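This report describes selected local features of one structure. The sequence and the model are shown first.

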Amino acid sequence: MSSLSPVKHVVIAGGGTAGWMACAAIAKLVGKQVKVTLIESDDIGTVGVGEATIPPIRTFHKLLGINEQSFMRRTSATFKLGIQFKHWGQTDSDYIHSFGATGRECWAGEFHHFWMQGLQQGIEGDFGSYCYELQAAKAGKFGFSKQNPINYAYHLDATRYAMFLREFATELGAKRQEGKIVAVNKRTNDGYIESITLANGNIIIADFFIDCTGFSGLLIEKALHTGYDDWSHMLPCDSAVAMQTEATDHTVLPYTIATAHDSGWQWRIPLQHRVGNGLVYCSQYQADQQAIDTLTGSVAGTAINEPRVIKFKTGRRRKGWNKNCLALGLASGFVEPLESTSIHLIMSGIVRFLRLFPFQGITHQAIDEYNKQLQSEIENIRDFIVLHYKVTQRQDSAFWRHCSAMEVPESLQHKIDLFKETGRVFLDDGDIFRVDSWTQVMLGQGLMPKQHHLIADMLSEQELEKLLNGIKRQIQQRLETLPAHHQFIEQYCAS
Ligand code: FAD
């Protein structure tokens, strides 16, 4: 259903990462045309996790005109070049999924065809040795210049990030209202949200509402009953325990670590001032206390806080935009944090919404377009994350036996089968992960294709050897110019 009254006032419910990212973007990009108010409750607080990102966050910051050095200083951020996956393919295997491209591309296909041809000819070389970002991560180095570009994201302190964006948005004129939402009031004729009532009795009226209330989904679900697609049959982890430890120079690595356990996996996210640690697990196979013991028993360094258990249901809200309500962040669903995609989904949701912004009224065409694009984006992300669980040779616990045997979406099964049989990867509409990412993960998990594209055969043995060794040599030369990651940050954030 459409509502053709112009949208002049947007209310954002919730002041976590989602709420303040949305508020900052609206204030900056359409703040002259639209008034924005954010309601948050100090009593309820935020989820307090969500500290690893992927490279498009840099585009978001550029769009908002955020200065990188000041952002990094304020949020105690470090650079992130990828994720090291330990023990995923097998109990003793490990690989890095980096943000870099591997080798060089040619018209017929990707670099791994040349690499596979090289293997057949006895040219040694780990697949990762042809990727600059991956090698920089391994060496614990970081740096950038026009001549030596590098693809990266950040690890950031979520609480400080929300504070940073809050200051940014309020300086641009966004209004902040502290208070607990106790009721969401709907119009009787069309079920659109009319206002929000706070515990102190204040009623806040707006034309449009953005639900950033976290898992509770106060507007999108409790008021509008939008519905939820539950994905736990293919992403069975439903719990996490998180704790922080102190940082040292040695802990400031330029990558996240995701270590697989018997019934889930453990994250390690290095910030400048501390390390974020957590265990994501499936409660069917592991009790909360067992998970707490596993986490506390395996983290290095002095603990800063007590371990905290968080429960979640993996899946997505059936509509990200319903009537005059948009859901962002955890209110819109949650695909577990393995590839750090939640903050990305917040960002892409905001940008998509601003491109379709209902200045002259809400149309069902805009709503449908938003929901269609969101669906394909989130389903592609889901497939990529399920891939890590499905493509494993681990059979050492009930959890991994379940994961390797489970049915996966047809879209993912097709990608796995195509790669297995032909070595090819083709992206779908809305795929945010590139062919490089799919290949690094599939090969990293031990899925070796039966064939490769014979374009690689066009080169003689000597030519192929020259190509492969040349790429490795160039990467090594580029690496020599880089400082240690922690030294680079110290200098960069000081200036
Ligand atoms: P929250 O942080 O929960 O904020 C909700 C807000 O709503 C708060 O301000 C709260 O006060 C307010 N609120 C709620 N109810 C009311 C009420 N009645 N009245 C007033 N205000 C109210 N994402 C990544 O991109 N990378 C990661 O590495 C990552 N790791 C994660 C690990 C775990 C274990 C989990 C669970 C999530 C992770 N995420 C990650 C997701 C990420 O944490 C969230 O996407 C992000 O923090 C956004 O949260 P949010 O703002 O939607 O919700």
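G315 has F334, in β21, as its bridge partner. The model is a predicted one. G315 belongs to strand β18, which spans residues 315-317, and β18 pairs with β21 in the antiparallel sense over two bridges.

These strands are part of an open sheet of three strands, ordered β12-β18-β21, with antiparallel pairing. The edges are taken by β12 (228-230) and β21 (333-334); each has a single partner strand, so one side of each is left without a neighbour in the sheet. Strands of a sheet pair through backbone hydrogen bonds, either parallel or antiparallel.

## The annotated lysine

An unreviewed UniProt entry lists K80 under "binding site". K80 lies in strand β3, which covers residues 78-80. Is K80 buried or exposed? K80 has a relative accessible area of 0% and is therefore buried, the cut-off being under 20%.

Beyond its neighbours within four places in sequence, K80 contacts A52, T53, F99, P254, T256 and S340, together with Y152, A153, Y154 and H155. With T53 there is also a specific approach: the K80 side chain reaches the backbone oxygen of T53 at 3.0 Å.

## Packing of two helices

Helix α4 (residues 111-120) packs against helix α14 (residues 461-480) at an angle of about 115 degrees, and their axes are 10 Å apart. The contact involves F111, F114, Q117 and G118 on the α4 side, and L464, L467, L468 and I471 on the α14 side. The crossing of α4 past α14 is left-handed.

Methods: Residues numbered from 1 in each chain as written. Predicted model: local features only at pLDDT ≥ 70, side-chain atom pairs only at ≥ 80, totals over all residues. Heavy atoms only, no water. UniProt positions renumbered as here; feature names shortened; annotations may be inferred. Helix = DSSP H or I, 4+ residues; strand = E, 2+ residues; numbered from the N terminus. Buried < 20%, exposed > 50% of the residue type's maximum accessible area, 1.4 Å probe, protein only. Contact = heavy atoms within 4.5 Å. Polar contact = N/O pair within 3.5 Å; in protein donor to acceptor, adjacent residues only side chain to side chain. Pairing = 2+ DSSP bridges. Axes fitted to C-alpha atoms, helices over the stretch in contact; angles between N-to-C directions. Left-handed = near helix turned anticlockwise from the far one by under 90°.
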